[in-house]
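Please read them with the structure open alongside.

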Amino acid sequence: MEAVYLFETDTVSLFIRLLIAHLAGDFVFQKKSWIENRRAGRWKSPFLYLNAGIVTVLSWALSGFHQVWTIPLLIFAAHAFTDLLKSYAPDTTAIFYTDQALHLGATIVATALYLPVLNSGYSCCGFLFGNYHLWIYTGAYLTVLWPMGIFIAQFTKQWQAESNQSGGLKDAGRYIGMLERLLILTFIFVNQFPAIGFLIAAKSILRFGDIRESGNRKGAEYILIGTMISFAAAIFTGIAANYLLNLPDL
């Protein structure tokens, strides 16, 4: 059996695909009502198993090794158990980040378990699963569009109450954040760094100016913190993605 290196492109691609399965299952397909039902019903909640099932099916489908079914079952058990533990814990930012760290650890373990079959060939669609750059781009865009907004909201939740935010269009801030991170990531991929500086300057002036005129200093600082975190997270995601895109195949 050929040796498999941890940081070769096939291994990184597999990890990214399994991570996409988790992020899509937890942040795209899962509804807020599912989380609330799970917190109330705990192990009796059907949404606990539905969410774990979605992540499992996505992991199996995106792995490319469809002859292997034991690892997806382990993913199901790990995901359901982690979310069950979370349902017994208080709804805090620290618990949220701990939960996601455990899911990330499970994804790393699942990737390691797949290593013995990595050189056996994909079950089908080798042109798709073997397209390393496609999965890096997909993972980067998925991250900045959905999970990143929730991570930022969790981090800034501690200031939300005292920021005294009112008015405005429903969910406008969320969609603005998604769009700005999408633009920043795209600018990084096409090497248009001056455009990022212009976007940051324009957004900061507009948002800070609007809130300053209302006399709500705390609101201005709250928005500025969220904006800067959003920009920084998108930039670091782009840098990390570019590094992986140029990763030599060992």
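In which helix does Val28 lie? Val28 lies in helix α1, which covers residues 9-28; helices (H or I, at least four residues) and strands (E, at least two) are DSSP runs, numbered from the N terminus.

1. Basis of the notes. This is a predicted model, in which local features need pLDDT of at least 70 and side-chain atom pairs count only at pLDDT 80 or more, whereas totals for chains, interfaces and linings use all residues. Residues are numbered from 1 along each chain as its sequence is written, and side-chain values use heavy atoms, with hydrogens and water left out.

2. Overall architecture. The protein chain has 11 helices and zero strands, and its C-alpha trace spans about 65 × 50 × 25 Å along the principal axes. Of the 250 residues in the protein chain, 39% are buried, where buried means under 20% relative accessible area, exposed means over 50%, and partly exposed lies in between (1.4 Å probe, protein chains only). Contact means heavy atoms within 4.5 Å; among contacts in the protein chain between residues at least 6 apart in sequence, 82% join residues at least 24 apart.

3. Surface. The accessible surface of the protein chain comes to about 13,700 Å², and 69% of that surface belongs to carbon and sulfur atoms; these areas come from the Shrake-Rupley method with a 1.4 Å probe, and for residues only the protein chains shown count as cover. Val28, with a relative accessible area of 32%, is partly exposed, and together with Phe29 and Trp146 this residue makes a nonpolar surface patch of about 260 Å². Patches are made of residues with over 30% relative accessible area and no salt bridge, like charges being joined within 9 Å and nonpolar side chains (Val, Leu, Ile, Met, Phe, Trp, Tyr) within 5 Å.

4. Salt bridge between Arg38 and Asp83. A salt bridge is a side-chain nitrogen of Lys or Arg within 4 Å of a carboxyl oxygen of Asp or Glu, and by this rule the count comes to two. In one of them, the side chains of Arg38 and Asp83 meet with an N to O distance of 3.6 Å. The pair links distant parts of the chain, with Arg38 in helix α2 (residues 32-41) and Asp83 in helix α4 (residues 70-88), 45 residues apart. Arg38 is buried at a relative accessible area of 4%, and Asp83 likewise counts as buried, at 2%.

5. Salt bridge between Asp99 and Lys86. Here the closest N and O atoms are 3.9 Å apart. Asp99 lies in helix α5 (residues 93-114) and Lys86 in helix α4, so this pair ties together parts that are 13 residues apart in sequence. Asp99 counts as buried at 4% relative accessibility, and Lys86 counts as buried at 14%.

6. Leaving aside neighbours within four places in sequence, Asp83 is in contact with Asp26, Arg38, Leu48, Asn51, Asp99 and His103. The C-alpha atoms of Arg42 and Lys86 are separated by 9.1 Å, although the two residues are 44 residues apart along the chain.

7. Aromatic rings. The structure holds 12 aromatic pairs, counted where rings of Phe, Tyr and Trp (its six-membered ring) have centres within 6.5 Å, with planes under 30 degrees apart taken as stacked, over 60 as edge-to-face and the rest as tilted. The rings of Phe96 and Tyr97 have centres 5.5 Å apart and planes at 65°, so this pair is edge-to-face. Phe96 is buried, with a relative accessible area of 6%, whereas Tyr97 is partly exposed at 29%. Ring pairs also link Phe65, Tyr114, Tyr122, Phe129 and Trp135 into a cluster.

8. Helix α9. Glu180 is found in helix α9, which covers residues 172-189, and counts as buried at 6% relative accessibility. Not counting residues up to four places away in sequence, Glu180 touches Leu199, Lys203, Ser230 and Phe231.
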